[in-house]
Amino acid sequence: MIRLVVTDIDGTILGGESAGIRAWSAWVAQRRASLRLVYASGRLVGSVRATLLAHQLPEPDAVIGGVGSEIHLAHDAEPWPQWTAHIDRDWDRNAIQSAVDAFGTAEPQPAEVQSAFKLSYFARDVDDQWRATLRSRIEATGSVVSLIYSSNRDLDLLPARADKGQAAAFLAAHWGIAADEVIVAGDSGNDLPMFEHGFRGIVVSNAQPELARASLTNVYRAARSCAAGVLEGLVHWEKADQPNSTDAAT
Ligand code: GLC
Ligand code: MG
């Protein structure tokens, strides 16, 4: 049974035709009494909420923002203290910032997307080795980070315990929801950690190469893009739960 849907927004729900969004919203609305909904975005929670309003997207039970560096429950104005306390370790933001600046090439993203537990840069077309070297320079300062790279451009540095996947797992545990009752959906690198917790996954057809080409288990790769692709995946996974289904889960 599907009890929790955790979905990215940009490029996963938004970015396609509005008919797809309406059909996906209707699917959610029909199951809302037994289903929890969480958005997991690279944007900070304030920006997520503005987007939900602007596009009239379904109300969530929680918002994971800033690539997993913050969780707000329901309508709470303040971040969930349990999550903040959980991730706040081995994180010296100033020291990390100095190490990245000294490394060169990475350009800071605008101030409004930075936060206490999220340090974001633009670093175009950098390879695995570049990222490994940067990580070791950061670790030399005594901090340990999650280093998330998306769309061949966005580089996010977060506390080691923070990313969208760890945040989703923390919420599922809090609500007593088992991994196989969770569906995650995404389109880019910052969604990858969500596919590493035994959840069932959906990758939309317009996904970035780092997700489209990743070897993932328990994943449905939709033929359709954005919200229509998420809906296609939800229908697939719901059908796989039926006892007489021939289209069993992989
Ligand atoms: C969003 C955030 C940005 C981040 C990107 C990828 O666009 O605003 O800071 O780098 O997601 O995670
Ligand atoms: Mg996205």
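Colleague: How many nonpolar, polar and charged residues does the shell around ligand 1 have?

Modeller: Two nonpolar, four polar and four charged. Ala, Val, Leu, Ile, Met, Phe, Trp, Tyr, Cys and Pro count as nonpolar, Asp, Glu, Lys and Arg as charged, and the others, Gly among them, as polar. This is a predicted model, in which local features need pLDDT of at least 70, side-chain atom pairs count only at pLDDT 80 or more, and totals for chains, interfaces and linings use all residues. Residues are numbered from 1 along each chain as its sequence is written, chains are lettered from A and ligands numbered from 1 in the order in which they are written, and side-chain values use heavy atoms, with hydrogens and water left out.

Colleague: What makes D156 a polar contact of ligand 1?

Modeller: A polar contact is a pair of N or O atoms within 3.5 Å; within protein, one must be able to donate a hydrogen and the other to accept it, and residues adjacent in sequence count only if both atoms are side-chain atoms. A polar side-chain atom of D156 is 2.6 Å from an oxygen atom of ligand 1. For the side chain of K118 the distance to a ligand oxygen is 2.7 Å, and for N190 it is 2.8 Å.

Colleague: Which residues coordinate the magnesium ion (ligand 2)?

Modeller: D8 (OD), D10 (O) and D187 (OD), at 2.2 Å. Donors are N, O and S atoms within 2.8 Å of the metal (3.2 Å for Na, K and Ca); water is not among the atoms, so sites may look incomplete.

Colleague: Why is D8 called buried?

Modeller: Because its relative accessibility is 3%, and buried means under 20%, exposed over 50%, partly exposed in between (1.4 Å probe, protein chains only). D10, at 32%, is therefore partly exposed.
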